[in-house]
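Student: Before I rely on any single feature, I would like to learn how to read this structure step by step. Could you take me through it?

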Amino acid sequence: VKLFQTLEEQQLDRFRKDVYTDFFSRAPASQDLFKQSQTRLRYIADRVLQSSSDMFQKNKDETLDELSALGLRHVGYGIPIELFGPFVESCVTVMLQLVREWPNDNVSTKLVWCPKDHAHQLQEK
């Protein structure tokens with residue numbers, strides 16, 4: 001969680017921009033589905049970061065329920081499920097690039113376990 005709290009505005013802006021650049025290169029057809037305003041795109045990227053942080057604070061069942069509901073909502077919006085994987089990969093790739101640039105006192109080199117229920121794990125660096 002410290003990881004997400006230490007993001008500076010410049011890093012947040014880079015994440016917000018780079019996640020879409022990476023996603024659109026992985027799945028060019030997705031550009032037709034993201035014709036929202038920059039404000040909306042920023043909101044979506046911020047929600048990705050908030051959800052990522054929440055995974056380390058909530059229990060496994062709550063996290064799975066929220067992610068399942070999110071996926072079902074997007075299916076209901078007509079988003080092809082084939083785009084879910086590339087979007088997640090883009091989010092992880094861009095975040096990993098940011099994590100690798102952080103000072104060592106902000107990022108552990110060990111496997112991190114969720115303090116809530118030990119169900120989630122993340123190899124930070």
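Tutor: Let us begin with secondary structure, where helices (H or I, at least four residues) and strands (E, at least two) are DSSP runs, numbered from the N terminus. On that basis the protein has five helices and two strands, and along the sequence they follow the pattern α-α-α-α-α-β-β. Keep in mind that this is a predicted model, in which local features need pLDDT of at least 70 and side-chain atom pairs count only at pLDDT 80 or more, while totals for chains, interfaces and linings use all residues. Residues are numbered from 1 along each chain as its sequence is written, and side-chain values use heavy atoms, with hydrogens and water left out.

Student: What share of the residues in the protein is buried?

Tutor: Buried means under 20% relative accessible area, exposed over 50%, and partly exposed in between, with a 1.4 Å probe and protein chains only. By this criterion, buried residues make up 33% of the 125 residues.

Student: Which residues have the most contacts inside the largest nonpolar core?

Tutor: In soluble globular proteins, nonpolar side chains tend to be buried together. A nonpolar core is here a set of buried Ala, Val, Leu, Ile, Met, Phe, Trp, Tyr and Cys residues joined through side-chain atoms within 4.5 Å. The largest one has 22 residues, and those with the most contacts inside it are Phe15, Tyr20, Phe34, Phe87 and Met95. Helices α2 (9-26), α3 (38-55) and α5 (84-101) each supply at least two residues of this core.

Student: Which residues is Phe34 in contact with, leaving aside its neighbours within four places in sequence?

Tutor: Contact means heavy atoms within 4.5 Å. With those neighbours set aside, Phe34 is in contact with Tyr20, Phe23, Phe24, Leu41, Ile44 and Phe87.

Student: How many aromatic pairs does a search of the whole structure find?

Tutor: Rings of Phe, Tyr and Trp (its six-membered ring) pair if their centres lie within 6.5 Å, and planes under 30 degrees apart count as stacked, over 60 as edge-to-face and the rest as tilted. The search finds seven such pairs. For Tyr20 and Phe24 the ring centres are 6.1 Å apart and the planes are at 35°, so the pair is tilted. Both residues lie in helix α2, four residues apart, about one turn of the helix. The rings of Phe23 and Phe24 have centres 6.0 Å apart and planes at 40°, so this pair is tilted too.

Student: Which aromatic cluster does Phe34 belong to?

Tutor: Phe34 forms one aromatic cluster with Tyr20, Phe23, Phe24 and Phe87.
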